[in-house]
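Please report on the fold and packing of this chain.

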Amino acid sequence: MTIKTFIYLGSLILLTLGFQQSITLPDGFVYVKSVIPDLDVELRYFSTHNFVGDTIDGYNANRLILTKQTAEKLKLVQDELQQQNLCLKVYDGYRPQRSVNHFIRWAKDLHDTINKQQFYPEVEKRNLFNAGYIASRSGHSRGSTVDLTIIDGTTGKPLDMGSPYDFFGEISWVAHEALTNKQKKNRQILQSVMLKHNFRNYSKEWWHFTLRWEPFPNTYFDFEVE
């Protein structure tokens, strides 16, 4: 390899790296790992492990994006949990509007029930909109809503919350009574620490929280996760 060729290849590598790092987010948004480097992120919609059974439009990478204020508050939650040898695990954050549109198309196809038994065994697919599990607009698209759970700091295993993430049914409601004492305690730990740091919950999903006084309360974004 000549020196000229080596320099040329090196320049290509630098340009590629520079392109990957120069993806610009809208003002007010951050990659959450830049604020919480040790955060466990598993974006379920960047996989087939979700109620649709496919990667969702707009999810091109396992990179959690949130508004800057939300990420900073989430760091306070993580810091407090780590004092108890616990950590956060995040399943979703900012969600493009095109992803929500994907959910809508899927919900209208009543024949596509590949993951019904795992995610909505007791709810008819035609009723997912009326039951409030799917909507034409999502708070996630405003950038200040996050879906998460708590994991053991030693094993990395999620605490038992009584139902899986994204399970459509009453067992996922925050105040559901038919839970073990341990499951109730785990949910209470999550609810308490999130509410303490200015997140409000959603009564039908124990994992769902939105930052109070979010910076973009009326704006639904559609840039891709990449």
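The report below goes through these topics in turn.

## Basis

This is a predicted model, in which local features need pLDDT of at least 70, side-chain atom pairs count only at pLDDT 80 or more, and totals for chains, interfaces and linings use all residues. Residues are numbered from 1 along each chain as its sequence is written, and side-chain values use heavy atoms, with hydrogens and water left out.

## Nonpolar core

The largest nonpolar core has 54 residues. Such a core is a set of buried Ala, Val, Leu, Ile, Met, Phe, Trp, Tyr and Cys residues joined through side-chain atoms within 4.5 Å. Buried means under 20% relative accessible area, with a 1.4 Å probe and protein chains only. F51, L74, V146, L148 and M194 have the most contacts inside this core. Elements that each supply at least two of its residues include α2 (68-82), β4 (86-92), β5 (145-152), α5 (181-196) and β7 (205-211). Helices (H or I, at least four residues) and strands (E, at least two) are DSSP runs, numbered from the N terminus.

F51 touches Y45, F103, W106 and F168, among others, not counting residues up to four places away in sequence. Contact means heavy atoms within 4.5 Å.

## Sheet and helices

An open sheet of five strands runs in the order β2-β4-β5-β7-β6, with mixed pairing. Its edge strands are β2 (40-41) and β6. Two strands pair if DSSP finds at least two bridges between them. β5 and β7 pair in the antiparallel sense over three bridges. V146 stands opposite F209 in β7.

α2 lies across β4, β5, β6 and β7. In α5, the buried residues are Q183, N186, R187, L190, Q191, V193 and M194. Their cover includes α2, β5, β6 (199-202) and β7. Just after α5, N198 takes a positive phi of about 70°.

## Aromatic rings

The structure holds 19 aromatic pairs. Rings of Phe, Tyr and Trp (its six-membered ring) pair if their centres lie within 6.5 Å; planes under 30 degrees apart count as stacked, over 60 as edge-to-face and the rest as tilted. F216 and F221 form an edge-to-face pair, because their planes stand at 80°, with the ring centres 5.2 Å apart. F221 and F223 are also edge-to-face, with centres 6.1 Å apart and planes at 70°. F221 is buried at 15% relative accessibility, and F223 is buried at 19%.

F221 is also one of the contacts of Q97, a residue in helix α3. Q97 is buried, with a relative accessible area of 12%. Elsewhere, ring pairs link Y45, F51, Y59, F103, W106, Y120, Y133 and F168 into a cluster.

Technical notes: Buried < 20%, exposed > 50% of the residue type's maximum accessible area, 1.4 Å probe, protein only. Axes fitted to C-alpha atoms, helices over the stretch in contact; angles between N-to-C directions.
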